[in-house]
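Hi,

Here is the structure I promised to pass on. Have a look at it first, and then read my notes on its salt bridges below.

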Amino acid sequence: MPHIKNALIRYRIIDRCLRNKFRQYPSKNDLREACEDALFGSIDGEHICDSTIEKDLFAMRVEHDAPIKYSKAERGYYYDDPDYSINEIPLTDDEREAIAFASKTLLQFKDSDVFKQFGSAIEKIADKVAVSETDGGEEFIQFESIQSHGGSEFLPILLGAIKERATIQMEYQKFNEEIESRIIHPLLLKQFRNRWYLISFEPKKEAYRTFALDRIDDISIQKEKFDRPKDFDPDNFFKHAFGITSGDKPVRIVIRASEVASYYLDTLPLHQSQKRLGEFENGFRFELLLVPTEEFYRELMSYSGAIAVEEPINIQEELKNRANRILKGTTQN
């Protein structure tokens with residue numbers, strides 16, 4: 001079975017290489033190195049040889065009708081049909097078993113530092129696979145329904161541009177504004193509340209910019225490559241952020257939560273900087289170090305009267321103003 005699983009994984013890797021717009025016409029050696037690197041972390045040919053790739057290409061043509069051709073001019077392989085993808089083919093029993101095996105393996109590492117930020121996503125995948133393996137299981141379990149906000153179709157091309165450090169030109173439309181052409185250096189993709197955002201550097205304005213993918217109308221890859229800014233650190237860029245707003249100086253915030261709300265905050269912290277300071281008569285006090293963004297205010301308001309801000313005063317006043325507008329039935333200008 002491991003042999004079959006490895007073959008199925010290699011097919012997907014070869015498929016991805018053949019559809020890579022940034023590195024077209026991969027050679028047999030390119031395909032071998034990509035497969036060996038993904039499966040074994042090396043490219044020296046110890047685990048995968050050229051004949052294995054030849055058999056894989058043949059199997060993909062015969063078993064999956066893959067339109068794989070060889071270009072003598074480019075000295076590499078390509079899909080005769082640019083819209084073809086092996087991912088569109090229904091999964092076989094072996095492939096479903098391979099996915100189940102992979103999900104269980106991935107689940108073992110969900111608490112490691114590398115995968116912590118994806119912990120909930122990994123658990124969702126594992127749960128979904130586990131239920132699918134049980135006949136009729138989906139009739140008795142409902143998973144959280146994720147509504148698509150658009151823009152996810154740009155994820156592959158943006159991820160490729162980030163990896164290849166390729167400048168992109170995109171048509172972007174802010175709310176209630178005209179579509180504007182922007183030339184940017186893509187740096188990082190971030191998801192927040194089921195929406196995807198692109199963090200980039202805009203040379204024209206010499207500043208970092210965040211763009212919502214559902215506001216992008218079109219993207220084109222430019223020939224120019226760029227060097228990543230030396231001061232950009234993906235791990236720390238959102239260290240003090242709540243949501244997708246970053247760059248401002250963090251503020252020490254002390255909140256007081258009711259007993260029930262405190263239990264929620266203990267199990268699902270508002271922010272990674274959250275610390276419990278101690279008890280008071282009806283609950284607990286917590287300290288946060290973050291940038292008070294619009295998303296943060298909305299999160300606090302969602303707890304209604306179960307959370308109160310002790311400091312700083314300006315955040316207290318902002319929450320009071322918002323509460324008064326709710327009582328008066330008015331909105332902010």
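Arg276 counts as partly exposed because its relative accessibility is 43% (buried means under 20% relative accessible area, exposed over 50%, and partly exposed in between, using a 1.4 Å probe and protein chains only). Keep in mind that this is a predicted model, where local features need pLDDT of at least 70 and side-chain atom pairs count only at pLDDT 80 or more, while totals for chains, interfaces and linings use all residues. Also, residues are numbered from 1 along each chain as its sequence is written, and side-chain values use heavy atoms, with hydrogens and water left out.

So what does Arg276 pair with in a salt bridge? Its partner is Asp266, and the closest N and O atoms are 2.1 Å apart. (A salt bridge here is a side-chain nitrogen of Lys or Arg within 4 Å of a carboxyl oxygen of Asp or Glu.) This pair links distant parts of the chain, with Arg276 in strand 9 (residues 275-280) and Asp266 in helix 8 (residues 259-267), ten residues apart. Helices (H or I, at least four residues) and strands (E, at least two) are DSSP runs, numbered from the N terminus. Asp266 is partly exposed too, as its relative accessibility is 35%.

Since Glu202 lies in strand 5 and Arg182 in strand 4 (residues 180-192), the pair ties together parts that are 20 residues apart in sequence. Arg182 is buried as well. Leaving out residues up to four places away in sequence, Glu202 touches Arg182, Ile183, Ile184, Ala207, Arg209 and Phe211, where a contact means heavy atoms within 4.5 Å.

The next pair is within one helix. Glu294 and Arg298 have side chains that meet in a salt bridge (2.9 Å, N to O). They are four residues apart in helix 9 (residues 294-302), so about one helical turn separates them. Glu294 is partly exposed, with a relative accessible area of 35%, whereas Arg298 is exposed at 58%.

There is a network to find as well: salt bridges that share partners join Arg32, Glu33, Glu36 and Asp50. How many salt bridges are there by this rule? The count comes to 20.

Cheers
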